[in-house]
Amino acid sequence: MGVGGKSRDLKGGKKKWVGGRRKRITRRLFFLLGSEGVCRWNRVAMRLEKCWFCSSTIYPGHGIQFVRNDARIFRFCRSKCHKNFKMKRNPRKVKWTKAYRRLHGKDMTEDTTFEFERKRNRPERYDRNLAESTLMAIKKIDKVRTTREARHIEKRFKGKKAKEYKEAKKELDQSISLIKAPEELLINGQDTVPIKVDICQPQSEDDNRLMEE
Amino acid sequence: MGGKCPHRKVKKRRLSHKTARRTKFLLKGDDAVYDELKKPEENREALPVDEDLPGMGQYYCLHCDRYFSNVSVRDEHFKTKRHKKRVKLMMGPAPHTQLDAELAAGMGMPDNGPKLMSM
């Protein structure tokens, strides 16, 4: 891989061979996904890949990728994700990943804006007009998506507020007797109504002292 | 899990954890095992005879990707907690894949274009 000065961008690359029983040798090859490296070999436009673990975008020159001996590729955006993979953690059970957030209704799941970005496995003939309009559309779609996401989050919070209010009301209804005796409530002709409770303030202490004197 | 190292004198460092780690790397990934289990029973290849493996590679646990020396040991393994946990895991939803990661990131299904060969 490294010939002359060109190996600079691949300096983090290392080959790791894990030997063992002959037939089941697991060959693991880690290398940095260098932008130049991709260009040199394939002569195609670079792709913005998604991290296997956290689903964030991996820009050229970032992250690390692991090719398993059945030729399956695992890409990671940073060492955090790589380490978590090596620990055999399940991204669906780790709270900070997109997979978890999706699965538990934290993020927007169904939206028309999700249909635009896809992996297109076919060559597209370059068309200046198309490229221009696409670049325009990207900005617009991004804006639409962010506003929708913000709305989704707002909706989620709204539900929580109502829930908290409900819970607080229930607690008040059930344990009002801790503060006020039930008989007193009946005298007033009220069953379960919030009562203003006087809190001892420093002023009253002063009054007591005055009284004693 | 660590095995014994005969030449180590220091009491603390008598056990080596290398062997334990080695088997960890040799194990198949969850998704590979899941795919293997998904295949119908008839399509599975017969276990090849391999003298390097325990029991000539004839006593194999698909779920845990392990070879055993004979039938009784394998059946004993089927009763263990570790195996049962593994079976439960494999009965559940399919393991996480790159496609899942991409869908979670807000991408659509991959677009391969129209089929070029008419079947």
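**Burial and overall make-up**

Tutor: Of the 119 residues of chain B, 26% count as buried, and for chain A, with its 213 residues, the share is 21%. Buried means a relative accessible area under 20%, exposed means over 50%, and partly exposed lies in between (1.4 Å probe, protein chains only). The model is a predicted one, in which local features need pLDDT of at least 70 and side-chain atom pairs count only at pLDDT 80 or more, whereas totals for chains, interfaces and linings use all residues. Residues are numbered from 1 along each chain as its sequence is written, chains are lettered from A and ligands numbered from 1 in the order in which they are written, and side-chain values use heavy atoms, with hydrogens and water left out.

Student: What makes Glu102(B) count as buried?

Tutor: Its relative accessibility is 5%, and since the limit is under 20%, Glu102(B) counts as buried. The residue is found in helix 5 (residues 98-104) of chain B. Apart from neighbours within four places in sequence, Glu102(B) is in contact with Glu49(A), Lys50(A), Lys119(A) and Met107(B), where contact means heavy atoms within 4.5 Å.

Student: How do you know how many helices and strands each chain has?

Tutor: They are DSSP runs, numbered from the N terminus: helices are H or I runs of at least four residues, and strands are E runs of at least two. By that rule chain B has five helices and four strands, in the order β-β-α-α-β-β-α-α-α, while chain A has six helices and six strands, running β-β-α-β-β-β-β-α-α-α-α-α from the N terminus.

Student: How many aromatic pairs does a search of the whole structure find, and what makes the pair of Trp52(A) and Phe76(A) edge-to-face?

Tutor: The search finds ten aromatic pairs over all chains. The centres of Trp52(A) and Phe76(A) are 6.4 Å apart and their planes stand at 70 degrees, so the pair is edge-to-face. The rule takes rings of Phe, Tyr and Trp (its six-membered ring) with centres within 6.5 Å, and calls planes under 30 degrees apart stacked, over 60 edge-to-face and the rest tilted. Trp52(A) lies in the loop between strand 3 and strand 4 of chain A and Phe76(A) in strand 6 (residues 73-76) of chain A, so the pair ties together parts 24 residues apart in sequence. Trp52(A) counts as buried at 8% relative accessibility, and Phe76(A) counts as buried at 0%.

Student: What makes Arg72(A) and Asp35(B) a salt bridge?

Tutor: A salt bridge needs a side-chain nitrogen of Lys or Arg within 4 Å of a carboxyl oxygen of Asp or Glu. The closest N and O atoms of Arg72(A) and Asp35(B) are 3.7 Å apart, and therefore the pair qualifies. Across the interface of chain B and chain A the rule finds six salt bridges.

Student: What is the area buried between chain B and chain A?

Tutor: About 3,000 Å² is buried, with 47% given by carbon and sulfur atoms; buried area is the accessible area (1.4 Å probe) that two parts lose on being put together, summed over both. Leu26(B), His96(B) and Asp111(B) supply 21% of the area that chain B buries against chain A, more than any other three residues.
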